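My entries follow in the order in which I made them.

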Amino acid sequence: MRRRIRFALSVITNGTRRKIRLTLICTAVVLICVVGLYDQNNKMKSEESLVHEANVRMWRPERENSWRRDAASVPQRGSSRQSNPEAHRDKETLQSDDKFGDISVSKCRYPEMTNEKGLCSNDPRVELKQSNVTPGNYRRGSKLNVSLVKLKGNSTHKHLDPWVIEQRRRKARLRRVCAKRRKEGKEYMPTSIEELVHLLVDDKHKAIYCYVPKVGCTNWKRVWMILSGLSNEVDPINIPEMLPHIVHNAMMLVKQPYSTSVLQKKLETYKKLVVVRDPYERLLSAFRDKLERPGNNYYERNVASVIKKRSRGKQKDGDEGITFSQFVRFLNMRKQGGYDEHWRPYSHTCFPCGIRYDIIGKYETLVEDSERFLRLIGAPEDLHYPPYSPRNTSSLLPQYLDTLSPRQLIRLHSIYKTDLEMFDYKPRLPQDTFT
């Protein structure tokens, strides 16, 4: 009997101890959570008070469609036009981009300290204070991508460079379109290393450039020859026009003796540039240069002759050329995988959904974008993108498009639809499509 009583008492005692131990553990966890929330709340209040003291506004996304700026309206260097980023800021422009990152345009630790020319401010009245943005984190897209600044005297806060804002806008749009395509089951990713033939590499400056034919690539290849040491010229314009296309194999990323892991590492760490153009203008430029003008034996033999046989049969009509309408009909009958590089879409040339480009250049702002990239990679100070005179392709485009039927316009739009959306170019569809 005594043994049973002792056994019962021991069971009760052990159960009570377990309950007490469990209660103490739960109480400790609750206390830790409460203390953590209290500290976090105090930290946020202290940060807001610092911002209020410094008279600096924390940037937060506003309405998504409040303002959109066309790439051609970005103020260029030396422009007297004044812009107010606070008055023209939307979700598309300033939202942090974890996938594509931000651009560091100067040696400043924080981009917000750059002046209107994109250079680091040397104003002694500006003093940085500690914030929750850790070193190296601001370029990866933290939620609070703004330094807390204490201004002395009557100095004003230095706003972001308009060029940086435009780059963020371009990347944000590209990210959204790529995410949309992934949901549709279209990855637009290279299936093999051999598809990366348009990437040129410069190991000295740790840079990669994806050249796109008919988008100023000849001048960029000239620059790349100087960067990579293939030419001793100082001015790229002194390099013969055909030479870059002859030796560009020596600059190709896939032609280098890299292992797959090394190549992948360079794609992840090197600074990368891609330059695009209105797909319709690029297509017309390629047609006029390769097919409309006589003398290009390769395209006359491999493209023009095929078009003539399909449209006119095997009967020869002398030296009569082909029309833009016949060329577009030829494109609509072929698969995109078999397109020539001069009219292949950007999504299958530079793979912007799979490669994280640091700068997205455009033909409309080519000089400014090129200069920024050269300074970003630490190129020689006397090396610049050669001056060029844009042709009248954009003014001729409407009259060439007028020769196309509504069905041709719709099918042509389907070919370049992704490129148009990625880089914010307007479609050219029949008027009946919008009614």
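**Entry 1: a residue pair in the sheet.** I began at Cys 210, which stands opposite Val 274 in β5. Strands here are DSSP runs of E with at least two residues, helices are runs of H or I with at least four, and both are numbered from the N terminus. On β4, Cys 210 also has Leu 199 opposite.

**Entry 2: ground rules.** I note that the model is predicted, that local features need pLDDT of at least 70, that side-chain atom pairs count only at pLDDT 80 or more, and that totals for chains, interfaces and linings use all residues. Residues are numbered from 1 along each chain as its sequence is written, and side-chain values use heavy atoms, with hydrogens and water left out.

**Entry 3: the chain as a whole.** I counted 12 helices and six strands in the protein chain. Of its 435 residues, 46% count as buried. Buried means under 20% relative accessible area, exposed means over 50%, and partly exposed lies in between (1.4 Å probe, protein chains only). I then looked up contacts, meaning heavy atoms within 4.5 Å. Among contacts with a separation of 6 or more, 73% come from residues 24 or more positions apart.

**Entry 4: sheet order.** In what order do the strands of the open sheet lie? I read β3-β4-β5-β6, four strands with mixed pairing. Strands β3 and β6 (359-362) stand at the edges with a single partner strand each, so one side of each has no neighbour in the sheet. The twist averages 20° from one strand to the next. Angles are taken from 0 to 180 degrees between N-to-C directions, with axes fitted as lines to C-alpha atoms, for helices over the stretch in contact.

**Entry 5: pairings.** Two strands pair if DSSP finds at least two bridges between them. I went through the sheet pair by pair:

- β3 (residues 199-202) and β4 run antiparallel and are joined by four bridges.
- β4 and β5 (residues 271-276) run parallel, also with four bridges.
- β5 and β6 pair in the parallel sense over four bridges.

Val 276 stands opposite Lys 362 in β6.

**Entry 6: strand faces.** In a regular strand the side chains alternate between the two faces of the sheet. I checked β4 (residues 207-210): Ala 207 and Tyr 209 point one way, Ile 208 and Cys 210 the other, and all are buried. In β5, Lys 271, Leu 273 and Val 275 lie on one side. Lys 272, Val 274 and Val 276 lie on the other, and both faces are covered. Six of the six residues of β5 are buried, so this strand is largely enclosed by the rest of the structure. Helix α6 (residues 260-269) lies across β3, β4 and β5 and runs at about 70° to β5.

**Entry 7: positive phi.** I looked up two lysines.

Lys 206 has a positive phi of about 50° although it is not a glycine. Lys 206 sits in the turn of the β3-β4 hairpin, which has four residues between its strands. At 52% relative accessibility, Lys 206 counts as exposed.

Lys 214 is also not a glycine, and its phi is positive at about 70°. I found Lys 214 in the loop between β4 and α4 (217-227). Is Lys 214 buried or exposed? Its relative accessibility is 17%, so Lys 214 counts as buried.

**Entry 8: a helix crossing.** I turned to α9 (residues 324-332) and α12 (residues 406-422), whose axes come within 10 Å and cross at roughly 55°. That makes α9 oblique to α12. Angles under 35 degrees count as roughly parallel, over 145 as roughly antiparallel, 65 to 115 as roughly perpendicular, and the rest as oblique. The contact residues on α9 are Ser 325, Val 328, Arg 329, Leu 331 and Asn 332. On α12 they are Gln 408, Arg 411, Leu 412, Ile 415 and Tyr 416.

**Entry 9: one residue of that contact.** Arg 329 is partly exposed, with a relative accessible area of 39%. Arg 329 and Ser 405 are 76 residues apart in sequence and 10.0 Å apart in space, C-alpha to C-alpha.
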